[in-house]
Amino acid sequence: MWVTLTAAARVARWRPHWGTGRLVLFSALGCFVFDAVVEAVYIRLGAYAYPRTLEHFTLFPGHWYQLPLTASLMVTAAAVLPAVVLALQARNTEREVWLFEGSSALPRQWRAPDPTAAHQRPGPRRRNHRNRPPPHPDRIEPFGEVMTLTPADEFRHEPGPDPRWQETYWMLAWDDVRDSGVLLHLARLPHDGYVEAQFTVIMSPNDVVSFGGRYAVDDALAVPGLDVDIHTPLESWTMRYEGKGIRGADKYGLYAQAPGNVPFGFSVDFRQLLPAADLGAIYTEAITSDMAPTHYAAAATFTGTVWCSGQPIPISGLLTRDHSWGPREWAFDIQPGAVYGVLDEGRTLITTASCVVDQQKWGGFSVIHDENGTRRSGDPWWRVIGPPIVDGFREAYMRFPDEEGVLEAAGKCSIAKWTPACSSGPNILWIDMISSLRWGDLTGSGSFMLSYPSTSPLAAGASPEPGVSAPLPMILPPSP
């Protein structure tokens, strides 16, 4: 049953245009063949046998290893297909599986699992850190150089002379109940004369619409289709977007790589409960000297709407974002883990990252931002359950230094994309695993990130040629 449900979920994601009837037929044929093969193996091993069968519906009739096809038919029709139909109905209606209706009101650890999600199968038992308290402020050392944030920092900055100078906005708004949300990345490269825009709307984990392209504009918040109202800088925004994208992933499993023909968009109103976290020179000190110290991040709560082809879904939940400007050069062999997460109903922000540079140098940091201020707790330890490739993992753990507990990330939706603006060298493949987060008694949501350059062997299946990835297309203005 679980094999068929997993296969149905993956096919639904790879073929979003398939209807329920076609998915049910695919599941039935797949289950029938799979069950027949497995039963044949068990019979050959002597586990059991069928002494009586219907001769005309039997493989190898008259032999001790005869296999009645009616057995596989009964398993498919009576045991597996009802579960597949329930799961597909839940996917199409954006609701829970009918038998589990109402479980979303329970605490997360008691909720019914989504049978369409392969990542929610139970894993091995692990040491329980959930009851451990968050780190005490006195045990966390503040980090070095910081800047003084001003309301003007929310807006466009004048570029410096360095050709690697860029201005970047990143945001994730996620409804952890409806499993819907928005992911965006805007990178202004003034010396190249364009802004790279990547918009992704998650209607559900199996229904994702995205857009990727370059615009010849000089303000990251002024790309066509995007409307931004900054009501109170560093506190309250409204963002709206309307465009045309591609439904589902491309043939490499990637999103936000090109424009499309599917109308989609979002509207998000967010408000920060905490001041923004000034990250200062943290990247320079912990990972690389090629990152400017002008960088801040923020946590917020939000309400809004996502829509595709005229079908809206109301959403509300937690939002995390960051904004940086200055010379920027991501040059690493792999980033085995990073987190942008919001916990405690928007009152705690966690941002962490680790990188391997020059195949030998390891650097990393952990930052906790809450009512006690912004503090750094050192280099984290990571454990990713599954291969670190596109669609290869759905679960990750991060241990804070000094045994301060474990941050658990349970994946809801994985969004992989090339982000050319991150480096002047090879493009970076960035995987955002949008996740439910738990740290001690605190819960929330955010993105677990894993990334590596196009020259990495891990990126071999994500581009036409090893070490090569296509740039985002330039979007020309319509002819007058």
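In helix α2, the buried residues are Leu23, Val24, Ser27, Ala28, Cys31, Asp35, Ala36, Glu39 and Ile43. The structure is a predicted model.

**Helix α2**

- Glycine 46 follows α2, and its phi is positive, near 85 degrees.

**Salt bridges**

- Side chains of opposite charge can pair when their charged atoms come close.
- In the whole structure, a search finds 18 salt bridges.
- One of these joins lysine 412 to aspartate 179, with 2.7 Å from N to O. Lysine 412 belongs to strand β19 (residues 406-419), while aspartate 179 sits in the loop between β3 (165-175) and β4 (180-189), so the pair ties together parts that are 233 residues apart in sequence.
- Lysine 412 has a relative accessibility of 12% and therefore counts as buried. Aspartate 179, at 16%, also counts as buried, because the cut-off for a buried residue is under 20%.
- A salt bridge also links arginine 271 with glutamate 235, whose closest N and O atoms are 2.6 Å apart. Arginine 271 is in strand β9 (residues 262-271) and glutamate 235 is in the loop between β7 (226-232) and β8 (236-247), so this pair connects parts that are 36 residues apart in sequence.
- Arginine 271 counts as partly exposed, at 43% relative accessibility. Glutamate 235 is partly exposed as well, with a relative accessible area of 24%.
- Arginine 394 forms a salt bridge with aspartate 391, and the closest N and O atoms are 3.7 Å apart. Arginine 394 counts as buried, at 17% relative accessibility.

**Nonpolar cores**

- The largest nonpolar core contains 35 residues, and Leu186, Phe199 and Phe266 have the most contacts inside it.
- Neighbours within four places in sequence aside, phenylalanine 266 is in contact with Val182, Leu184, Phe199, Val201, Met239, Arg240, Tyr241, Thr305, Val306 and Trp307.
- A second, separate core has 33 residues, including Ile202, Ile282, Tyr283 and Val342.

Conventions: Residues are numbered from 1 along each chain as its sequence is written. This is a predicted model: local features need pLDDT of at least 70, side-chain atom pairs count only at pLDDT 80 or more; totals for chains, interfaces and linings use all residues. Side-chain values use heavy atoms; hydrogens and water are left out. Buried means under 20% relative accessible area, exposed over 50%, partly exposed in between (1.4 Å probe, protein chains only). Helices (H or I, at least four residues) and strands (E, at least two) are DSSP runs, numbered from the N terminus. A salt bridge is a side-chain nitrogen of Lys or Arg within 4 Å of a carboxyl oxygen of Asp or Glu. A nonpolar core is a set of buried Ala, Val, Leu, Ile, Met, Phe, Trp, Tyr and Cys residues joined through side-chain atoms within 4.5 Å. Contact means heavy atoms within 4.5 Å.
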